[in-house]
Amino acid sequence: GPLSSPAAPLEGPQDTTLLFESRFESGNLQEAVKVGPYEYVLTLRPDLYTTKHTQWFYFRVQNTRRDPLYHFTIANLAKPKSLYGEGMRPLLYSQQDAQSRGVGWRRVGTDIRYYRGGGEEPAAFHLSWTVRFPHDGDTCFFAHSYPYTYSDLQRYLRALAGDPVCSQYCAVRALCRSLAGNTIYLLTITSPVGTAAKRVVVLSARAHPGESGGSWAMRGFLDFLLSTHPDAQLLRRLFVFKVVPMLNPDGVVVGNSRCSLVGRDPNRAYGTALQGSFPGVWHLRAMVERVLAEREVVLYCDFHGHSRKNNVFMYGCDGGGAGTRLRLHQRVFPLMLSKNAPDKFSFPSCKFKVQKSKAGTGRVVMWRMGVSNSYTMEVAFGGSTLGRRNSHFTVEDLKSLGYHLCDTLLDFCDPHPAKFQQCLSEVDALLRQRLGWEPGSGWSDVSPSELES
């Protein structure tokens, strides 16, 4: 039924008070207080059943005026450092512009400040910005990054299932049900011939619901892999792809930043045996265990977002103790990806140390199970500072990462090892140069923390 109004009623056409709403899928706003004619202080709702993790925001405003300069302050953000302090701007969507001009989400805002608030325990951080709305009487939305909801995913998967060509090599199944009863989907993508000998690639996204850029990268990956492009056909002939596009649909639906409905971070729970508390990650891990009993998993990659560093980069696993050459192998795939996406992907930002605090992440648990090329791909909420770029990522930028991942997979698994060997030599030389070493000395006695620094 219709929602009751959360706001005081307008006094008439001359009343310029904005009307706020976030009771929709992925929405997050707890309170809006009018503190001046065109100034509002906003409070975000923490992740359900927690008192923290305030970062993601997505809300609607109505009764806009075109001329005034509005000032907004979100007063309870959780992170001490943010890309908003380095030029990142919020996103605005105008319904009038979408309908009349086909313009969707865009970056807006001037006088953007990210700073520590005063006096609260624990300390909260504030984001403030000023903005002019494009139209009188418009319905507009603000968001932290480009929204991608559970309903968006379901519409996409329905279209796949209804496509007579795609459905020949893409099977959409339920991996399991979430705590709220939402289906967590598993896609198996491969050409139907010669399946027995194929190696496997495992990809997942949206363990953290507020990191919506991961869904757009996943969307780009699926668009390319399911296309008629010759490289996509080759990938389907060579590999079996196991894809979980949304690990935490409950968190996405309710507008959480980080947690599921147990109020915990699912990306710290891969090592736990609590199937009932973390069904998505439990069933993903169990599926990978079954696959590993029969085949090699050549790559595992979990798509995330990053709030403090620009560009795209990866976290891998180097636990030390491996042979001289194997020590550097896990750095090759990220280096190749940086060559295929030089305007977006930063190899120097990648890290390979396995920290104790990250022992329960998908990347580390899959690596300990035997997937040597196991990665978290971090996509900045901001944008790229590489090459001649210094700009926010667009949806097309995010989707292109999926294509670049496909391209890099073909380079990485090329039966002619020239590219692999070239990148391995390059990584070797790069690290020796940083450590001030002579060529030819061994790597096996160097600790991961030495390499990291």
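Predicted model: local features only at pLDDT ≥ 70, side-chain atom pairs only at ≥ 80, totals over all residues.
Which residues in α5 and α10 meet? On the α5 side they are Asp231, Leu234, Leu235 and Leu238. On the α10 side they are Cys406, Leu409 and Leu410. The residues of this contact divide into six nonpolar, no polar and one charged.

## Salt bridges

The model's count comes to 15 salt bridges. Asp97 is buried, with a relative accessible area of 1%. Arg106 has 24% relative accessibility and counts as partly exposed, because partly exposed is the class between under 20% (buried) and over 50% (exposed). Asp97 and Arg106 also belong to a network of salt bridges that links them with Arg101.

Next comes Asp318, which forms a salt bridge with Arg331. Here the closest N and O atoms are 3.3 Å apart. Asp318 lies in strand β16 (residues 312-318), and Arg331 lies in the loop between β16 and α8 (332-340), so this pair ties together parts that are 13 residues apart in sequence. Are these two residues buried or exposed? Asp318 is buried, and Arg331 is buried as well.

Glu86 and Lys81 form another salt bridge, with their closest N and O atoms 3.1 Å apart. What is the relative accessibility of Glu86? The value is 46%, so Glu86 counts as partly exposed.

## Two asparagines with positive phi

Most residues other than glycine have a negative phi. With that in mind, have a look at Asn63, which has a positive phi of about 70° although it is not a glycine. Asn63 is found in the loop between β4 (58-62) and β5 (70-77). Its relative accessible area is 17%, so Asn63 is buried.

Where is Asn311 found? This asparagine is in the loop between β15 (297-306) and β16. The phi of Asn311 is near 75°, again a positive value in a residue other than glycine. Asn311 is buried, with a relative accessible area of 6%.

## A glycine in a loop

The last stop is Gly276, in the loop between α6 (249-254) and α7 (279-292). Gly276 has 56% relative accessibility and therefore counts as exposed. How many residues along the chain lie between the positions of Gly276 and Ser178? The two are 98 residues apart along the chain, and their C-alpha atoms are separated by 9.1 Å.

Technical notes:
Residues numbered from 1 in each chain as written. Heavy atoms only, no water. Salt bridge = Lys/Arg side-chain N within 4 Å of Asp/Glu carboxyl O. Buried < 20%, exposed > 50% of the residue type's maximum accessible area, 1.4 Å probe, protein only. Helix = DSSP H or I, 4+ residues; strand = E, 2+ residues; numbered from the N terminus. Contact = heavy atoms within 4.5 Å. Nonpolar A, V, L, I, M, F, W, Y, C, P; charged D, E, K, R; others polar.
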